[in-house]
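Work through these exercises with the sequence and structure open. Try each task before reading its solution.

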Amino acid sequence: MKKIIFFIFINNFILSTENESLKYIISFLTIPSVELSMSNKVIDNNTSNIIFSAKSISLLDNFFKIDNYYSTIYNINTFKMLEYTSNINQPNAKYDFKIKWDDKDKKYDYLEISYERPEKTNNIFSLLQRVRFQPIDKIDTIWIPIEHEGSLFNARYLWVDSVNVKIDSVIIKTNHFKLDLEKEENSQKKLKEISDVFNWGITLDNSIRQIWIERVEPFRIIKAEVDVRGLKFKASLKNSN
């Protein structure tokens, strides 16, 4: 029976995410500031590649121009991060970054640095796929190890409620979650001097992180919000039809 359920999950995952492409608008203090593109490409029956690109728009483009790219290859059964790359272009940071899992040595590699992490470690991007495709009872209140650019965090989703969300005059049924992130003490590996605005902001202490997931296939992320000490960032799905 477990094998049948597993097969159904894998089949649904591939059908729901193959060549998927979604766009979002990120607003800061209600002002549209960034256009975010998200795409997912199935590599094989075990691995997939989720890609995010973020480009500044409107007023932000005039004084803090952003053109950032993030790619994560992950195991679709465990959502383990197998490879993470980023290309960052913003005023205070311009760099390329890559971490890859070495399955032989059971470590992550960055340049000449190797370090251990728990076997089923996710990253923040594969964690987003996990909340989309796993049932609530498999993720609610369960702590998951997260590798975040050299630091180890523990993450958990907390199911809040099921609500209707209105996007572009369309009502969408969603599951609403909060996301907690807790940093493991003495886990940090100094891989680089500076981080981009997203990876820096998402892990700040005393932040409230929320996400709304479509309740039926293709289980899209409908919106997400991060409240960083009173400063609110909101991502909303563009063209929800």
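**Exercise 1: The largest pocket**

The largest pocket has a lining of 48 residues, and Ile26, Val197, Phe198, Val226 and Phe233 lie nearest its centre. On a 1 Å grid over the protein atoms alone, a pocket is an open set of points where a 1.4 Å probe fits, with protein on both sides within 12 Å along at least five of seven lines; lining residues have an atom within 4 Å of a point. The model is predicted: local features need pLDDT of at least 70, side-chain atom pairs count only at pLDDT 80 or more, and totals for chains, interfaces and linings use all residues. Residues are numbered from 1 along each chain as its sequence is written, and side-chain values use heavy atoms, leaving out hydrogens and water.

Task: State the volume of the largest pocket, and say which strand gives the most to its lining.

Solution. 
- Step 1. The space is about 1,200 Å³, counted as that filled by probe spheres set on the points, which are joined across faces, edges and corners.
- Step 2. Strand 13 gives the most to this lining, with six residues. Strands (E, at least two residues) and helices (H or I, at least four) are DSSP runs numbered from the N terminus.
- Step 3. The lining divides into 34 nonpolar, eight polar and six charged residues. Ala, Val, Leu, Ile, Met, Phe, Trp, Tyr, Cys and Pro count as nonpolar, Asp, Glu, Lys and Arg as charged, and the others, Gly among them, as polar.

**Exercise 2: The second largest pocket**

Task: Describe the lining of the second largest pocket by class.

Solution. 
- Step 1. This pocket holds about 420 Å³ of space.
- Step 2. Its lining has 19 residues; Ser151, Lys183, Gln188, Ser195 and Thr203 lie nearest the centre.
- Step 3. By class, the lining has five nonpolar, six polar and eight charged residues.

**Exercise 3: An aromatic pair**

Task: Count the aromatic pairs, then classify Phe97 and Tyr110.

Solution. 
- Step 1. Rings of Phe, Tyr and Trp (its six-membered ring) pair if their centres lie within 6.5 Å; planes under 30 degrees apart are stacked, over 60 edge-to-face, the rest tilted. The count comes to 13 aromatic pairs.
- Step 2. Phe97 and Tyr110 form a tilted pair, 4.9 Å centre to centre with 40° between the planes.
- Step 3. Phe97 lies in strand 6 and Tyr110 in strand 7, so the pair ties together parts 13 residues apart in sequence.
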